Amino acid sequence: ICYSFCTLLNLFQFNKMLTSGSSYSSSVGRPASGLVGGVGMAAVSESTRNMKVAVLGASGGIGQTLSLFLKVHLPAGTTLSLYDIAHTAGVAADISHVDTQVNVEWYQGGKDKQELEKALFAADVVCIVAGVPRKPGMTRDDLFNVNAGIIADLTESVAKVAPNSLLCIGTNPVNSCVPIAAEVLKQWKCYDKNKLLGVTLLDNMRACMFINEALPGGKIVKEVPVVGGHSATTIVPLFSLTEAAKHINSNDLGKLAERVQNAGTEVVTAKAGRGSATLSMGAATAYFVVALVEALRGERKPAVCAMVDTDGASKAPFMAWPVQLGPSGIESRLSIGSISSNEEALLNKAIPILIKDAEKGSSFFHSRKSSKL
């Protein structure tokens, strides 16, 4: 019921574009030529109109991979707006040479928010991946003090300039950053529980990859729902919902679940101090964003797993859960059906942690708000 890496890769194979002449903005804040709405462009319906996707944090490890994948996989005619505090021009120049009909704009600025606001203007989807990455010995919670402020500042600009956009949060710790974004949007009176999503698709990708590695030859799992959160023990892969689970004993399934939970640390350790899971997270986030764009355009209504407002369905106010997307964002929160007793135990263990993570984000927002008074 949720997009996995395997499924999405198959879905996007057809999306290679053979047309040359991609446009690129060579000066800060100057939109690329040939955008919808320009002179001589025919009017299009809401379901097929060209979209604008803004990536905030485009120069980072995740941001560069994300931007590249979006340049390749977004529908022709989409505007890809890149923003960061440094090196954005180089990223934009580099990916603009990829031969697709996705128009690239770039904006760069620090304390002056004018360039950020230009990047966000008229955006349909905003994806925040700005912040510091994990380093050896760090947990996602160690990132909180720096990244929480970044999320709050950027979300405030989104609320001011693009309040009706779909907002995706890929910055860690996602479990706390999504609640921070929600509080900011509430303060600006533009919070919509169906338009704020935390990116957890990487966990689905990993679960799909790891179970396929464990299966006897010839068996391919394309979808593994992963619920809960996006940190260690809050990550709950639901292998029992796959047909492949019948071919793997419960002990081995438990080991696979543990590997998914610790996969981020696995990458950080392997990179030996030179980064975290930026490449796979960039790819996962790109596939997630493309699914959102296709839903907004009315092309289809994909089901994805994401960190969302549970709308009172759980004691945890925010949780990674399967949702159905549509032209206005989240159309419905889906049922996961019957899961194994082990998975149920993992989920029950995750919920108190998710509640604390959400409270941590909310407390940060309110303490920050008080300090500004």
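1. Strand β6, residues 196-199, is covered on both faces in this predicted model. L196 and G198 are buried on one side. L197 and V199 are buried on the other. In general, side chains of a regular strand alternate between the two faces of the sheet.

2. β6 pairs with two strands. With β5 (residues 166-169) the pairing is parallel, over three bridges. With β9 (residues 303-309) the pairing is antiparallel, over two bridges. G198 takes part in both: the residue is the bridge partner of I169 and stands opposite M307 in β9.

3. Next, the largest pocket. Its space is about 750 Å³. The lining counts 40 residues, and V129, A130, G131, V132 and I150 lie nearest the centre. By class, 16 lining residues are nonpolar, 17 are polar and seven are charged.

4. Which elements supply at least two residues each to the lining of the largest pocket? They are α2 (61-73), β2 (79-84), α5 (144-161), α7 (201-214), α9 (263-270) and α10 (278-296). The largest share, five residues, comes from α5.

5. Ten salt bridges are present in the structure. One of them joins E213 and R259, with the closest N and O atoms 3.0 Å apart. E213 sits in helix α7 and R259 in helix α8 (residues 250-261), so this contact ties together parts 46 residues apart in sequence. E213 has 48% relative accessibility and counts as partly exposed. R259, at 31%, also counts as partly exposed.

6. R297 and E299 form a salt bridge through their side chains, at 2.5 Å from N to O. Are these two residues buried or partly exposed? R297 counts as buried, because its relative accessibility is 12% and the cut-off for buried is under 20%. E299 is partly exposed, with a relative accessible area of 41%.

7. E331 and K301 also meet in a salt bridge, at 3.3 Å from N to O. Distant parts of the chain are linked here: E331 belongs to strand β11 (residues 329-333), while K301 lies in the loop between α10 and β9, 30 residues apart. E331 is partly exposed at 43% relative accessible area. K301 is partly exposed at 46%.

Terms used
Residues are numbered from 1 along each chain as its sequence is written. This is a predicted model: local features need pLDDT of at least 70, side-chain atom pairs count only at pLDDT 80 or more; totals for chains, interfaces and linings use all residues. Side-chain values use heavy atoms; hydrogens and water are left out. On a 1 Å grid over the protein atoms alone, a cavity is a set of points where a 1.4 Å probe fits but cannot get out, and a pocket is an open set with protein on both sides within 12 Å along at least five of seven lines; lining residues have an atom within 4 Å of a point. Grid points are joined across faces, edges and corners, and a volume is the space filled by probe spheres set on the points. Helices (H or I, at least four residues) and strands (E, at least two) are DSSP runs, numbered from the N terminus. Ala, Val, Leu, Ile, Met, Phe, Trp, Tyr, Cys and Pro count as nonpolar, Asp, Glu, Lys and Arg as charged, and the others, Gly among them, as polar. Buried means under 20% relative accessible area, exposed over 50%, partly exposed in between (1.4 Å probe, protein chains only). Two strands pair if DSSP finds at least two bridges between them. A salt bridge is a side-chain nitrogen of Lys or Arg within 4 Å of a carboxyl oxygen of Asp or Glu.
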